[in-house]
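Open the structure in your viewer and keep the selection tool ready. This tour goes stop by stop.

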Amino acid sequence: MLLRSPPRSLPYLLRPHLLRALSNAAAAALAPPTPPPTPPLPTEWTEAPVSAVRAATSDASLFHVSLDLSSHGPLLASHVAAGQFLPFRLPSAPYPIFLAISSPPPASSSSRGSFEFLVKRLPGTPSASLCDFRPGDLVRVGGSVVGRGFEVARIADAREVLVFATGSGISPIRSLIESGFGENEKVDVSLFYGARNLQRMAYQERFSDWESRGIKIIPVLSRPDDQWTGQRGYVQNAFSRTKKVVNPSSMGAILCGHKQMTEDITRALVADGMSKDTILTNI
């Protein structure tokens, strides 16, 4: 180490104001990372019956769960934007959990009496217990949805939109696509969708429909088998190999999934000239 001036004496370094500064710096370095913001809790709760539970992937790591809300008109009406959440109070959880709604808002959907969810079955987590519910079982949920969802008005003038999703983060992206986003022929929409392998990739049966709506889908597998000929690795790596920001002022981006992915993609897009105001998340 190169010292450009004589070192301070020990008595100087032990002065109270310096000790306080060193203590504060050490505490900041050891503090856990700030968690993502949590949507506010609803003021009212209600009960709704489960209408369907079934595996969403061939390895049963993700499940489709549907709630019958045909008798909960105000709750249905509170879902106005893709990317919003419904709070759940589950018997196995000491605190409420928030699940993104995967079905499109009722105003843009023919299925007006239910909410659908894509639930990760990770042993030991509160949401995993939801995968063991049966049709007819009652679950306690918020009396209204929470969150603003994806604020797509911020990218209304974009001519190209890049969408990034990993794992169960594809759930609110399904809501976005099936609510009509991307059907404007003047907008080029590309979806980079990452999963470990095809056995863990949900909604493959919907890809044809999504493509007919104008969505270009780029599946990315981090641990594919030898027969896989598509993109490999992580979503952020695939994006860096296949896409560059050409005209940042006419582009928008939508991100949902692993924290590392969203941070890496945001950093890359900003470095290429995109404004953070045109990079959307639902939290």
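Which residue in E6 is the bridge partner of Trp45? Select Trp45, then look across to E6: the partner is Gly142. Keep in mind that this is a predicted model.

**Stop 1: the strand pair.** Now select residues 45–55, strand E1, and residues 138–142, strand E6. The two run antiparallel, and 5 bridges join them.

**Stop 2: two helices.** Move on to helix H7, residues 235–242, and helix H8, residues 259–271. Their axes come within 9 Å and cross at roughly 25°. Angles under 35 degrees count as roughly parallel, and H7 and H8 are therefore roughly parallel to each other.

Show side chains where the helices meet. From H7, select Val235, Gln236 and Phe239; from H8, select Gln260, Met261, Asp264, Ile265 and Leu269. The residues of this contact divide into 5 nonpolar, 2 polar and 1 charged.

**Stop 3: the buried side of H7.** Which residues of H7 are buried? Select Val235, Gln236, Ala238 and Phe239. They cover an arc of only 160° around the axis, which puts them on the same side of H7. Finally, show what covers them: strands E7 (160–166), E8 (188–195), E9 (215–221) and E10 (231–232) are included, along with H8.

Notes. Residues numbered from 1 in each chain as written. Predicted model: local features only at pLDDT ≥ 70, side-chain atom pairs only at ≥ 80, totals over all residues. Heavy atoms only, no water. Axes fitted to C-alpha atoms, helices over the stretch in contact; angles between N-to-C directions. Helix = DSSP H or I, 4+ residues; strand = E, 2+ residues; numbered from the N terminus. Parallel < 35°, antiparallel > 145°, perpendicular 65-115°, else oblique. Contact = heavy atoms within 4.5 Å. Nonpolar A, V, L, I, M, F, W, Y, C, P; charged D, E, K, R; others polar. Buried < 20%, exposed > 50% of the residue type's maximum accessible area, 1.4 Å probe, protein only. Arc of directions from axis to C-beta. Pairing = 2+ DSSP bridges.
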